[in-house]
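Here are some notes to read alongside the model.

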There are 2 protein chains.
Amino acid sequence: MKTIRSRSFLARILALGLLGAPGAHALAQGDPLPSWNDGAAKKAILEFVQATTTEGGPRFVPAVDRIATFDQDGTLWVSHPVYAQLVYCLDRVPVLVKARPELAKVEPFKTVMSGNREAMAKLSMKDLEKIAVATLTGMSVESFQADVKKWIAEARDPRWRRLYTELTYLPMQEVLRYLRASGYKTFIVTGGGQDFVRVYSQEVYGIPPEQVVGTALGTKYGYDKDGKPFLTKEPKLLLNDNDAGKPEGIHLMIGRRPHASFGNSTGDRQMLEYAKAGDGARLSMLVLHDDGTREYAYGPAQGLPDTKVGTFPQALYDQARKQGWFVISMKDDWKKIFAFDQGE
Amino acid sequence: MKTIRSRSFLARILALGLLGAPGAHALAQGDPLPSWNDGAAKKAILEFVQATTTEGGPRFVPAVDRIATFDQDGTLWVSHPVYAQLVYCLDRVPVLVKARPELAKVEPFKTVMSGNREAMAKLSMKDLEKIAVATLTGMSVESFQADVKKWIAEARDPRWRRLYTELTYLPMQEVLRYLRASGYKTFIVTGGGQDFVRVYSQEVYGIPPEQVVGTALGTKYGYDKDGKPFLTKEPKLLLNDNDAGKPEGIHLMIGRRPHASFGNSTGDRQMLEYAKAGDGARLSMLVLHDDGTREYAYGPAQGLPDTKVGTFPQALYDQARKQGWFVISMKDDWKKIFAFDQGE
């Protein structure tokens, strides 16, 4: 009897929790951005969506034209101390050397194989490019996809010891969902590798592969020994999706000017300018990493420490203020940064 | 009194027509491909959709993976005697010469300005490329879009004296709608200009600009005199979306192998091979132009007259048969070709 009564009590608690908890209630019926503090940034997003989806209103945007673009590294997920894709490339070097042992004696592969982190941190941009070309090209697209899929399911960030895919920003995930629920088509426009991000974009962000624009290498069509056609990844740069390459990539892959655009660094400047300069309601926003406690603090805008990864210079901050973009303060605007953070 | 009775009678006839006509009934509740005759091609489409959308079935494809690609010229609309986009380029030459009068004395512009159709028909591929570069580049993307929009709203085909946009194949429009109603995302993958087709794709095919892959030129980001950013179309080929360029373009712009693919000529061969070679249920189909009465007859497959526009060689026909693609006979498989055709 006692067991049965306990179960019944538990069931009642669970039912109350599922049906009546304030959090669930607010999410379903009220605030679409529960992880955001009230402030100018949250208000700007809510007002933009309200204005562009109010039929008959002066700033209404037809559903077919609702396009929103998001940078990934530093905008949707953590990009410090280094980009996840760079870690992938470094992690692939031993596999590469196993297949081609002669590389073990050649720089920069020799340094990577040494495991000496201090020496690795000193690798030049040219060295990193060599590693990228060696680890991102020469295989079939399916083989690359399978490798990334395996890596991303296991690799962990050194600080939180969590999967990289857990390090997405909850407030930005809410913006993605809110825009989609409001008829917007959401795109990732990343300086990172298009083929890399496409492997996990659907699962992690709810964004299908064809809605990921990124730095893209060419492929070459051919046939295997059984005559089955396949594509090989080639070391031929088709799109450098950074700086002016972002609006150029948006035109190539999307074909129209976004109504809303989100970035966090100097590589996003032209994309945000381009979005904001369109007719009617346009929203451009920058994430400022000013929370060294919960995430990282870097700029060098607003006196924050300088960085080589995801630089946000003062000039970009000033341009944002001048052109009516919004700067999102991670510290002030976000109640929670990650889904795994302890509550408010 | 008489007038009122007549109106009432007319209203009753109309009501009967709208609610009870066999055609409307069949479309709404039964046959999703009413302009197709019963035969192997229609059966193949119906079975493919049935198989890939039956949850729990052995050939089920999750909604997120349902991708279908369509060539445009000769597959979705008429491409004879010449491609509509070529007519656009030739039509633009006088405007170009007005802006740059020195071109009037230079070939191939001189020939085009002469209006001598016989001489124009003899222009070489290199001449046509010069005309394409001159009429498709150098302007802002918005200015190009506005020009094409104006042209496509007015220009008429020489045979039917109808807008080019009326010359889409009704049976293929039905396939597009049927696939979309079955959870497929439909893409155009055209050898024609990506920016050109994107101007009218939504209105004509229900396909948004970002779902049009085509031969693509680069753009260059810059600022006008007021500091407003814009993109200029550049004479730099990013993607030649023909032959092997089709699967390569599909990878670049869509990122996965289509489950269904439709073409009509040798330039579609690799796209159809690529689609068909994927795992699970795949459908590759070719439109054969064997109806010289209602449209055009050309091959040279199956003893049809040879052509330079949309060539369908016998080797392609044989490959289709060997690899399990389907060949659609316009003559035998299509009850109607255009929406404006008189009934069945």
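## Notes on the predicted model

1. Let's start in a loop: A:Pro108 sits between helix H4 (84-99) and helix H5 (109-114) of chain A. Its peptide bond with A:Glu107 is cis, with omega at about 0°. Please keep in mind that this is a predicted model.

2. Chain B has a cis bond to look at too, joining B:Glu107 and B:Pro108, with omega about 0°. B:Pro108 belongs to the loop between H4 and helix H5 (109-114) of chain B.

3. B:Asp243 has a positive phi near 55° although it is not glycine; its loop runs between S4 and helix H11 (245-253) of chain B. With a relative accessibility of 36%, B:Asp243 counts as partly exposed. B:Gln302 also is a residue other than glycine with a positive phi, near 55°, and lies in the loop between S6 and helix H13 (314-323) of chain B. Its relative accessible area is 43%, so B:Gln302 is partly exposed.

4. Now the sheet of chain B. Seven strands make up an open sheet with mixed pairing, ordered S4-S3-S2-S1-S5-S6-S7. At the edges are strand S4 (229-239) and strand S7 (326-329), each pairing on one side only. On average, neighbouring strands are turned by 35° against each other, direction ignored.

5. Within that sheet, strand S5 (residues 260-263) and strand S6 (residues 283-288) of chain B pair in the parallel sense, over four bridges. B:Ala260 stands opposite B:Leu283 of S6(B). Helix H12 (residues 269-276) of chain B packs on the sheet, where it touches strand S1 (67-70), strand S2 (185-193), S5 and S6 of chain B. The direction of this helix makes about 160° with that of S5(B).

6. Which strands of chain B does helix H12 (residues 245-253) of chain A lie across? They are strand S3 (212-223) and S4, and the helix runs at about 155° to S3(B).

7. Nine of the twelve are buried, so H9(B) is largely enclosed by the rest of the structure. Among the buried ones are B:Met172, B:Gln173, B:Glu174 and B:Tyr178. The buried residues pack against H3, S1, S2, helix H10 (194-205), S5 and S6 of chain B. Just after the helix, B:Gly183 has a positive phi of about 85°.

8. The largest nonpolar core has 65 residues, and B:Trp36, B:Phe70, B:Trp151, B:Met172, B:Tyr205, B:Phe262 and B:Trp334 touch the most other members. Helix H4 (residues 84-99) of chain B gives the most to this core, with eight residues. Apart from it lies another core, of 64 residues, including A:Phe70 and A:Met285.

9. Is B:Lys42 buried or exposed? It counts as buried, because its relative accessibility is 5% and the cut-off for buried is under 20%. B:Lys42 lies in helix H3 (residues 40-53) of chain B. A polar atom of its side chain is 3.3 Å from the backbone oxygen of B:Leu33. Not counting residues up to four places away in sequence, B:Lys42 touches B:Asp31, B:Leu33, B:Trp36 and B:Asn37.

How values were computed: Residues are numbered from 1 along each chain as its sequence is written. Chains are lettered from A and ligands numbered from 1 in the order in which they are written. This is a predicted model: local features need pLDDT of at least 70, side-chain atom pairs count only at pLDDT 80 or more; totals for chains, interfaces and linings use all residues. Side-chain values use heavy atoms; hydrogens and water are left out. A nonpolar core is a set of buried Ala, Val, Leu, Ile, Met, Phe, Trp, Tyr and Cys residues joined through side-chain atoms within 4.5 Å. Buried means under 20% relative accessible area, exposed over 50%, partly exposed in between (1.4 Å probe, protein chains only). Helices (H or I, at least four residues) and strands (E, at least two) are DSSP runs, numbered from the N terminus. Two strands pair if DSSP finds at least two bridges between them. Axes are lines fitted to C-alpha atoms, for helices over the stretch in contact, and angles run from 0 to 180 degrees between N-to-C directions. Contact means heavy atoms within 4.5 Å. A polar contact is a pair of N or O atoms within 3.5 Å; within protein, one must be able to donate a hydrogen and the other to accept it, and residues adjacent in sequence count only if both atoms are side-chain atoms.
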